[in-house]
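Please walk through the fold of this chain, from its surface and its helix to its core and its charged pairs. Give the cut-offs along the way.

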Amino acid sequence: MVAANAALQHLLASLPKESAKTCSHSAKAMEVIVGEHAGLYFVQINQRVEKCGKFAPGFNLTLDWFELYAVSPDGKVLARYPYTP
């Protein structure tokens, strides 16, 4: 789906460069949930580091970490709402 890919790419591009090579900050460790309302897509991305098999050295496991994006039908990220407790 276009909206899911756009939001995931937006998130991955915003992560620190030094983290880009770790599994915990890769697409593999992200769970993407998409909903639609009033012609917009809302994409929630949850970090699921357990998909990596083990945690990266120094990784701080933050429970309930997610980001929420509003995305147009053509894949343009319109807004981002980060949530970290």
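A residue is called buried under 20% relative accessible area, exposed over 50%, and partly exposed in between, with a 1.4 Å probe and protein chains only. Met-1, at 60% relative accessibility, therefore counts as exposed. The model is a predicted one, in which local features need pLDDT of at least 70 and side-chain atom pairs count only at pLDDT 80 or more, while totals for chains, interfaces and linings use all residues. Residues are numbered from 1 along each chain as its sequence is written, and side-chain values use heavy atoms, with hydrogens and water left out.

Of the 85 residues, 32% are buried. Counting as contacts heavy atoms within 4.5 Å, residues 24 or more positions apart make up 42% of the contacts with a separation of 6 or more. The chain exposes about 5,500 Å², of which carbon and sulfur atoms supply 56%; accessible areas come from the Shrake-Rupley method with a 1.4 Å probe, and for residues only the protein chains shown count as cover.

Met-1 sits in the segment before α1. Together with Val-32 and Val-34 it forms a nonpolar surface patch with about 250 Å² of accessible area. Patches are built from residues with over 30% relative accessible area and no salt bridge, like charges being joined within 9 Å and nonpolar side chains (Val, Leu, Ile, Met, Phe, Trp, Tyr) within 5 Å.

Helix α1 covers residues 2–14, and its 13 residues reach 19 Å from first C-alpha to last, close to the 18 Å expected at 1.5 Å a residue. The expected span is 1.5 Å times one less than the number of residues. The buried residues of α1 are Ala-3, Ala-4, Ala-6, Ala-7, Leu-8 and Leu-11.

Which residues make up the largest nonpolar core? It has twelve: Ala-3, Ala-6, Ala-7, Leu-8, Leu-11, Leu-15, Met-30, Val-43, Ile-45, Trp-65, Tyr-69 and Val-71. Two or more residues each come from α1, β2 and β3, and α1 gives the largest share, five residues. Such a core is a set of buried Ala, Val, Leu, Ile, Met, Phe, Trp, Tyr and Cys residues joined through side-chain atoms within 4.5 Å.

The whole structure has two salt bridges, a salt bridge being a side-chain nitrogen of Lys or Arg within 4 Å of a carboxyl oxygen of Asp or Glu. In one of them, Arg-48 pairs with Glu-31, with the closest N and O atoms 3.1 Å apart. Arg-48 lies in the loop between β2 (40–47) and β3 (66–71) and Glu-31 in strand β1 (residues 30–37), so the pair ties together parts 17 residues apart in sequence. Arg-48 is partly exposed at 30% relative accessibility, as is Glu-31 at 24%.

Arg-80 and Glu-67 also form a salt bridge, at 2.7 Å from N to O. Because Arg-80 belongs to strand β4 (residues 77–83) and Glu-67 to strand β3, this pair ties together parts 13 residues apart in sequence. Arg-80 is partly exposed, with a relative accessible area of 43%, whereas Glu-67 is buried at 7%.

One backbone angle remains. Most residues other than glycine have a negative phi. Ala-38, which is not a glycine, has a positive phi of about 55 degrees. Ala-38 lies in the loop between β1 and β2 and is exposed, at 71% relative accessibility.

Conventions: Helices (H or I, at least four residues) and strands (E, at least two) are DSSP runs, numbered from the N terminus.
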